[in-house]
Amino acid sequence: SVCRLSAMLENKLLGHNEIEPNSPFRMLDADQIQRLIRYLGAYMGSRAGSRPMKLRCANELDVSWQVTSLAAEIIFDWPRVFHTALSQLQTLSAGEKMGLMGMFRHAYTYIYKGFPEANFAPLREAFESWLAEHWKGGLARRNRRLNEDLLKSVRWIPGNVAAAELGVSPARLKFLVKEGMLEGQESVSSTGRSFMVVRRDQLLEIRAKLAEEMPLNEAAERLGLSRARMRQMLRLMFPYARRINDK
């Protein structure tokens, strides 16, 4: 991949554009490709610091090789390796409540501020497709960098949004996740607050299952039984009934 990347740069410098015709970045000039290499090679590594693009001794091979080799693997297996790198960065912070800035730092904002040219559209599109499929931190509608269609299509949504769509309490939602009926993930913020996200595409099936259930009071009323009598017969009549919370 590094050899292919070197050939691409050489041809750009010589004014030839026939190399790598299927690359989404074939329209970039030599300067733009080098900016992309520095970004991908510096930010997508698991050991990236707070300012990974400020490389010391970048002209030395043992420093530049780590950047160029990672960037080359990402560019020539696009967008699969790019998505893999983003998922690995997310996994490093599993269990912690973080937004996009907290998770990716300036690697997130740089996609939009550092690459404003139209030729970098494949980079922004690949990032947003990963967000829709894999991001588990929740997305706020006030985020103006992301288009509204993306916010409507994300696979993972906040637990409070899912609970509202299902018409259940947050406690019931946690019960559904705990029982394995709904796939979810819970994280904790730096202040100790818990935050849950669940799969949006599973809500329709869960909603159908919930429509088949009824609370104890309604079941007792339909059967013409008192609540005390209903409790006595509950295990016999409804062996799979579950108490969701103290109520």
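What follows is a short exchange about a predicted model.

Me: How are the axes of helix H9 and helix H10 oriented to each other, roughly parallel or roughly perpendicular?
Reply: The axes of H9 (residues 159–166) and H10 (residues 170–178) come within 9 Å and cross at roughly 100°. Angles of 65 to 115 degrees count as roughly perpendicular. The two helices H9 and H10 are therefore roughly perpendicular.

Me: Which residues in H10 are met by residues in H9, and how many charged residues does the contact have?
Reply: From H9, the residues Gly159, Ala162, Ala163 and Leu166 meet Pro170, Leu173 and Leu176 in H10. By class, this contact of H9 with H10 has 6 nonpolar residues and 1 polar residue, while the number of charged residues is none.

Me: Which strands stand at the edges of the open sheet of 3 strands?
Reply: The strand order is E1-E3-E2, with antiparallel pairing, and 3 bridges join E1 to E3 (residues 194–199). Each edge strand has a single partner strand, so one side of each is left without a neighbour in the sheet. The strands at the edges are E1 (156–158) and E2 (184–188).

Me: At about what angle to E1 does H9 run?
Reply: Helix H9 lies across both E1 and E3. Its angle to E1 is about 85°.

Me: Which residues is Phe82 in contact with, leaving aside its neighbours within four places in sequence?
Reply: Phe82 is among the residues with the most contacts inside the largest nonpolar core, which has 57 residues. Leaving aside neighbours within four places in sequence, Phe82 is in contact with Leu40, Met44, Ile74, Leu123, Ala126 and Phe127.

Definitions and conventions. Residues are numbered from 1 along each chain as its sequence is written. This is a predicted model: local features need pLDDT of at least 70, side-chain atom pairs count only at pLDDT 80 or more; totals for chains, interfaces and linings use all residues. Side-chain values use heavy atoms; hydrogens and water are left out. Axes are lines fitted to C-alpha atoms, for helices over the stretch in contact, and angles run from 0 to 180 degrees between N-to-C directions. Helices (H or I, at least four residues) and strands (E, at least two) are DSSP runs, numbered from the N terminus. Angles under 35 degrees count as roughly parallel, over 145 as roughly antiparallel, 65 to 115 as roughly perpendicular and the rest as oblique. Contact means heavy atoms within 4.5 Å. Ala, Val, Leu, Ile, Met, Phe, Trp, Tyr, Cys and Pro count as nonpolar, Asp, Glu, Lys and Arg as charged, and the others, Gly among them, as polar. A nonpolar core is a set of buried Ala, Val, Leu, Ile, Met, Phe, Trp, Tyr and Cys residues joined through side-chain atoms within 4.5 Å. Buried means under 20% relative accessible area, exposed over 50%, partly exposed in between (1.4 Å probe, protein chains only). Two strands pair if DSSP finds at least two bridges between them.
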